[in-house]
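Here's a quick briefing on some helix packing and a pocket. Have a look at the model, then read on.

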Amino acid sequence: MNKIWIIARRELASYFDSLIAYVMIIIFLGMSGFFTWLFGSNIFMINQASLQVFFGISFWTLFFFIPAITMRTLAEENKSGTIELLSTKAVSDFQIVVGKFLGCLLLVAIALLCTLPYYITVSQLGNVDHGGIIGGYLGLMLLSAAYIGIGIFASSTTSNQIVAFLMALFIGIFFQILFDVLGSSFRGIAGGVFYYLSMQTHFDSMSRGVIDSRDLIYFGSLIVISLMFSQAMLSRRNWQS
């Protein structure tokens, strides 16, 4: 566990050293704040003490931002050859993958932590569904964790960061859009399966404050499977080298 934490801290520090973290957080706060408070169906327009608008914006914002922060996790290590150096320091492929995953997740957690003033402000505007807000933040964290796993897997397959970014987006589109569209296009069991695979289905449920074991199993399965695939790709590349 100590080695995993060291890798996670190293990964998180690298984001702040290269200004990626600051840019990502500022853009995320700027976009989410603009659409939550100022533009379109903002909080004042819907006239409700709720963060549903923020959760809806973040659902799409994180979909694009996470591939941008994960594209370098293993692709850069593969390109520079430092992945072989890590592998020779009694660090397993599993520890590398999980450490990278936690580093990225911590960055997203910091970005979401910066939005807590939204919660405080909304709570002053009227009666707030605290359960719904807590569920929404939990949903954003699980959503982010799933996309981070997918992004790390994409990064493990190549040494080109742009390829890793595009591949993560391509895989993510299925969970973000296509499965939901297919779910509405089919009836019966097939439609139910596609709806279950849709990220929107599970996130919407949690953002309303409903914590269902099926949602937790869905996100947990995506995270575990993507990290297992990442470990397998990393082991394969190391064996070939």
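Which helices each supply at least two residues of the lining of the largest pocket? They are α9 (130–156), α10 (161–185), α11 (188–197) and α13 (213–240). Helices here are DSSP runs (H or I, at least four residues; strands are E, at least two), numbered from the N terminus.

A word on the ground rules: this is a predicted model, where local features need pLDDT of at least 70 and side-chain atom pairs count only at pLDDT 80 or more, while totals for chains, interfaces and linings use all residues. Residues are numbered from 1 along each chain as its sequence is written, and side-chain values use heavy atoms, with hydrogens and water left out.

**The largest pocket**
- The largest pocket has a volume of about 220 Å³, taken as the space filled by probe spheres set on grid points that are joined across faces, edges and corners.
- A pocket is an open set of points on a 1 Å grid over the protein atoms alone, where a 1.4 Å probe fits, with protein on both sides within 12 Å along at least five of seven lines; lining residues have an atom within 4 Å of a point.
- Of the 13 lining residues, Ile 150, Phe 175, Leu 222, Ile 225 and Ser 226 sit closest to the pocket's centre.
- α13 gives the most to this lining, with seven residues.
- By class, the lining has eleven nonpolar, two polar and no charged residues (Ala, Val, Leu, Ile, Met, Phe, Trp, Tyr, Cys and Pro count as nonpolar, Asp, Glu, Lys and Arg as charged, and the others, Gly among them, as polar).

**α2 against α4**
- The axes of α2 (residues 20–37) and α4 come within 9 Å and cross at roughly 155 degrees; axes are lines fitted to C-alpha atoms, for helices over the stretch in contact, and angles run from 0 to 180 degrees between N-to-C directions.
- That makes the pair roughly antiparallel (over 145 degrees; under 35 is roughly parallel, 65 to 115 roughly perpendicular and the rest oblique).
- The α2–α4 crossing is right-handed, meaning the near helix is turned clockwise from the far one by less than a right angle.
- On the α2 side the contact (heavy atoms within 4.5 Å) includes Ile 20, Met 24 and Phe 28, and on the α4 side Val 53, Phe 54 and Ile 57 are among the residues met.
- This contact has twelve nonpolar, four polar and no charged residues.

**α4 against α12**
- α4 (residues 52–70) and α12 (residues 199–207) have axes that come within 11 Å and cross at roughly 155 degrees.
- α4 and α12 are therefore roughly antiparallel too.

**α2 against α8**
- The axes of α2 and α8 (residues 116–123) come within 11 Å, crossing at roughly 20 degrees.
- That makes α2 roughly parallel to α8.
- Leu 29, Ser 32, Gly 33 and Trp 37 of α2 meet Tyr 118, Thr 121 and Val 122 of α8.
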